[in-house]
Structures are given as structure tokens and as C-alpha cells.
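Please look over the sequence and the model, then read on by topic.

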Amino acid sequence: MTIGTKSVLFGAHQFLLHPWFVARAWWQLYGFPWDPRLWLAFALHDIGYLGKPNMDGPEGETHPYVGAFIMLLLCGEAWSDFVLLHSRYYAQRVGRKYSRLC
């Protein structure tokens, strides 16, 4: 089992707990997240770590793509960017400001 998969299943990005921690932080910073698209973004933003052999290497740096693609299909381009740009690495790479999800 890869490091990324372990993180999503059992670690810091655990798929059942991590979205709740992100939601709690959002609530403290910006108010309660009423928009259901926010909850979807909380759940999907790190799902791309599944199958990654590392977290901080070249493969791990591409983790935002999966969640961003799903958000593109379900919610449109702005929400896709919201998830894609939660990664400081990716935002810097494309010369854009990171999103509030960061």
C-alpha cells in the first residue's frame, strides 16, 4: 500500500475525519460553510493522494488534480480552481494566488 493511500485511509488525510477538521477550520476563519459545494470540496481536495508513492515528491505534488477534476464535472470551473489552488505548490507553479481552502 502506498504512502498516499495510507494517509487517505488511516493518516492525516483520513477521508472520514479530515473533511470535518477542514470544515471546523473554515467555520472559525470564514463562518459556517452553508454552501454544499464547500462540503464537497472539503471531502475531495486531498483525495488525489490515493495511490501516490509519496506526499511531497513529484507524484504527491499532483494530488489536487483528481479532486479538481471531480469538482469541474460537478460544480464548474471556479470550484475546480478552488480545489486545485488549495495546493501552495501548484498555485506557485502556475503563478496564481492559493485559494481560501489552502
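His-45 sits in the loop that joins α3 and α4. The model shown here is predicted. His-45 has a relative accessible area of 3%, under the 20% cut-off, so this residue is buried.

**Around His-45**

- Leaving out residues up to four places away in sequence, His-45 touches His-18, Val-22, His-63, Pro-64, Val-83, His-86 and Leu-101.
- Two of these contacts, His-18 and Val-22, are also among the buried residues of α2.
- Another contact, Pro-64, is one of the buried residues of α4.
- His-45 and His-13 are 32 residues apart in sequence. In space, their C-alpha atoms are 9.8 Å apart.

**Helix α2 (18-30)**

- His-18, Pro-19, Val-22, Ala-23 and Trp-26 are the buried residues of α2. They cover an arc of only 135° around the axis, so they lie on the same side of α2.
- An α-helix has 3.6 residues a turn, so residues three or four places apart point the same way.
- Trp-20, Phe-21 and Gln-28 are on the other side of α2, and they are exposed.
- The buried residues of α2 pack against α3 and α5.
- Just after α2 comes Gly-31, with a positive phi of about 100°.

**Helix α4 (residues 64-75)**

- The 12 residues of α4 should span 16 Å at 1.5 Å a residue. The end C-alpha atoms of α4 are 16 Å apart, which agrees.
- Which residues of α4 are buried? Pro-64, Gly-67, Ala-68 and Met-71 are. They cover an arc of only 100° around the axis, which puts them on the same side of α4.
- The cover over the buried residues of α4 includes α3 (36-44) and α5 (77-84).
- Ile-70 also belongs to α4. Its relative accessibility is 29%, so Ile-70 counts as partly exposed.
- Ile-70 and Ile-3 are 67 residues apart in sequence. From C-alpha to C-alpha, they are 22 Å apart in space.
- Gly-76 follows α4, and its phi is positive, near 105°.

**Ser-7 in helix α1**

- Ser-7 is found in α1, which covers residues 3-9.
- Is Ser-7 buried or exposed? With a relative accessible area of 9%, Ser-7 is buried.
- Leaving aside neighbours within four places in sequence, Ser-7 is in contact with Ala-12, His-13, Gln-14 and Met-55.

**The cavity**

- How many cavities of 30 Å³ or more does the structure hold? The structure holds one.
- The volume of the largest cavity is about 40 Å³.
- The lining of the largest cavity is made of Val-8, His-13, Phe-15, His-18, Pro-19, Phe-42, Ala-43, Asp-46 and Ile-47.
- By type, the lining residues are six nonpolar, two polar and one charged.
- His-13 lines the largest cavity, and this residue is also in contact with Ser-7.
- His-18 and Pro-19 line the largest cavity, and both are among the buried residues of α2.

Technical notes: Residues are numbered from 1 along each chain as its sequence is written. This is a predicted model: local features need pLDDT of at least 70, side-chain atom pairs count only at pLDDT 80 or more; totals for chains, interfaces and linings use all residues. Side-chain values use heavy atoms; hydrogens and water are left out. Helices (H or I, at least four residues) and strands (E, at least two) are DSSP runs, numbered from the N terminus. The expected span of a helix is 1.5 Å times one less than its number of residues. Buried means under 20% relative accessible area, exposed over 50%, partly exposed in between (1.4 Å probe, protein chains only). The arc is that of the directions from the helix axis to the C-beta atoms. Contact means heavy atoms within 4.5 Å. On a 1 Å grid over the protein atoms alone, a cavity is a set of points where a 1.4 Å probe fits but cannot get out, and a pocket is an open set with protein on both sides within 12 Å along at least five of seven lines; lining residues have an atom within 4 Å of a point. Grid points are joined across faces, edges and corners, and a volume is the space filled by probe spheres set on the points. Ala, Val, Leu, Ile, Met, Phe, Trp, Tyr, Cys and Pro count as nonpolar, Asp, Glu, Lys and Arg as charged, and the others, Gly among them, as polar.
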